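Have the model open beside the text.

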Amino acid sequence: METRKMPTIRIKHKGIFDINDILQGIKDFLEDDYFKFHFPQHKFKIPTPKGGEHKLKMYGERKVNEYVKYKINLYIRVFDYTEIEVIKEGKKVKMFNGRLYAEVSGDLILDFEKRFGGSAFLQGLQDFFHKYVIRRKIEDYWEDDIILKMVNLGKLIREKCEQEART
Amino acid sequence: MAEIFHRYTGVEYKEVTKFTVNYREVFVLKDLYRRMYEWIIENDYATRSDPDFPERYFLDKTGAAGKEVWWRWRCKKSPLPGKQKFWRFDLDIDCHVLTMKNVELVVQGKKFKANKGEVEVQVSAKLIMDASGEWRKNALLKPFRGWYFKRTLSKTKDMLEKELYNEAFEFRDLITDYLKLKAFIPTKLAGLEFAPRRTME
């Protein structure tokens, strides 16, 4: 099994945002793209006079074919926030006023079924297969594809934070 | 006579920059630590996995004058993408907090817990050549080492030196911005306006 790490996208936002809307948006985005959504960690700290803090880790997994798998990881930290009420489109909505930090990183997992796992000969064969047989497909197609998905996810978070989308 | 070896013995390296930030006033140590920690992760010197974080030493000692805290980070990263391990950036961060006491501050009618004392951050940025030791260990490559380093890699070396210098100063500005001292990179450009400062605005 070989895991290729993709460049990380980092988003920083200070101001008003709706955390529930962001989380729902992320879930919908991943599920609409046939990813399995997992939410393994949610940490909440007792609010101090500066505000509360949430730390969230989540990831989406998708099998592209029997050899390739995409994994998009998200780390979100909301801190120094206070809850406020905002009138949005004529309705009262509870929103957060604070700081949001989000990291979107991606892994391209090759041979996730470990068909080439085991002997040194098979490992060598896998290296040859990756370097000379499917190299173009990995670098020009799958890597680009997962990066595009990560960029779109970052764009979605920025849009939800009502930041200017930069893609 | 006894010879003293250290981790750079026999390794070709250049100290690109070295600086110290010293501050004695009220600040929140947790926020400063957190900000430095986040910068290290954002700049790929470490991952979010705590056991892999390069904190080599941490001391927390309470005395009559107050608390003394030491922490040492030995951060490393490969600046060029891919499997190339020839170059390496080493960022050695030593922090020393002295006579620290807990205080309470009132900001905009709210009570905050803060610390008062002296903090000193020492940073040394080093560019390491032949980090994997390939040229040093290989008998065939060894004779050409000096020639190869001087003639072929000088431009890459200059480029990486500048990059490391900028990164080190970005880190410096991060600390000075938190402590509200003079910073050189415009805060918007360095993305500093996002993080909290010592006065908790």
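Two strands count as paired if DSSP finds at least two bridges between them. With that in hand, take B:Leu91: its bridge partner in E5 of chain B is B:Ala125. Keep in mind that this is a predicted model.

Strand E4 (residues 88–107) of chain B runs antiparallel to strand E5 (residues 110–129) of chain B, and 18 bridges join them. In general, the strands of a sheet pair through backbone hydrogen bonds, in either a parallel or an antiparallel sense.

Now widen the view to the sheet in chain B.

Look at H4(B) by itself. Helix H4 covers residues 154–179 of chain B, 26 residues in all. At 1.5 Å a residue it should span 38 Å, and its end C-alpha atoms are 37 Å apart, which agrees. Just after H4(B), B:Lys180 takes a positive phi of about 60 degrees.

How do H1(B) and H4(B) meet? Their axes come within 10 Å and cross at roughly 160 degrees. Angles over 145 degrees count as roughly antiparallel, so H1(B) is roughly antiparallel to H4(B). The crossing of H1(B) and H4(B) is right-handed. From H1(B), the residues in contact are B:Asp31, B:Leu32, B:Arg35, B:Met36 and B:Trp39. On the H4(B) side they meet residues including B:Glu167, B:Phe171, B:Leu174 and B:Tyr178. By class, the contact of H1(B) with H4(B) has seven nonpolar, no polar and five charged residues.

Turn to chain A. Strand E4 (residues 51–63) of chain A and strand E5 (residues 68–88) of chain A pair antiparallel over twelve bridges. Opposite A:Leu56 stands A:Ile76 in E5(A). A hairpin of four residues joins E4(A) to E5(A). E5(A) also runs antiparallel to strand E6 (residues 91–110) of chain A, with 19 bridges between them. There, A:Tyr75 has A:Glu103 in E6(A) as its bridge partner. The hairpin of E5(A) and E6(A) has two residues between the strands, and A:Glu89 takes a positive phi near 50 degrees in it.

In chain A, the axes of helix H1 (residues 19–32) and helix H3 (residues 135–160) come within 10 Å and cross at roughly 155 degrees. H1(A) and H3(A) are therefore roughly antiparallel. Their crossing is right-handed. Among the residues that meet are A:Ile22, A:Gly25, A:Ile26 and A:Phe29 in H1(A), and A:Asn152, A:Leu153, A:Leu156 and A:Ile157 in H3(A). The contact of H1(A) with H3(A) divides into seven nonpolar, two polar and three charged residues.

Terms used:
Residues are numbered from 1 along each chain as its sequence is written. Chains are lettered from A and ligands numbered from 1 in the order in which they are written. This is a predicted model: local features need pLDDT of at least 70, side-chain atom pairs count only at pLDDT 80 or more; totals for chains, interfaces and linings use all residues. Side-chain values use heavy atoms; hydrogens and water are left out. Axes are lines fitted to C-alpha atoms, for helices over the stretch in contact, and angles run from 0 to 180 degrees between N-to-C directions. Angles under 35 degrees count as roughly parallel, over 145 as roughly antiparallel, 65 to 115 as roughly perpendicular and the rest as oblique. A crossing is left-handed if the near helix is turned anticlockwise from the far one by less than a right angle, and right-handed if clockwise. Contact means heavy atoms within 4.5 Å. Ala, Val, Leu, Ile, Met, Phe, Trp, Tyr, Cys and Pro count as nonpolar, Asp, Glu, Lys and Arg as charged, and the others, Gly among them, as polar. The expected span of a helix is 1.5 Å times one less than its number of residues.
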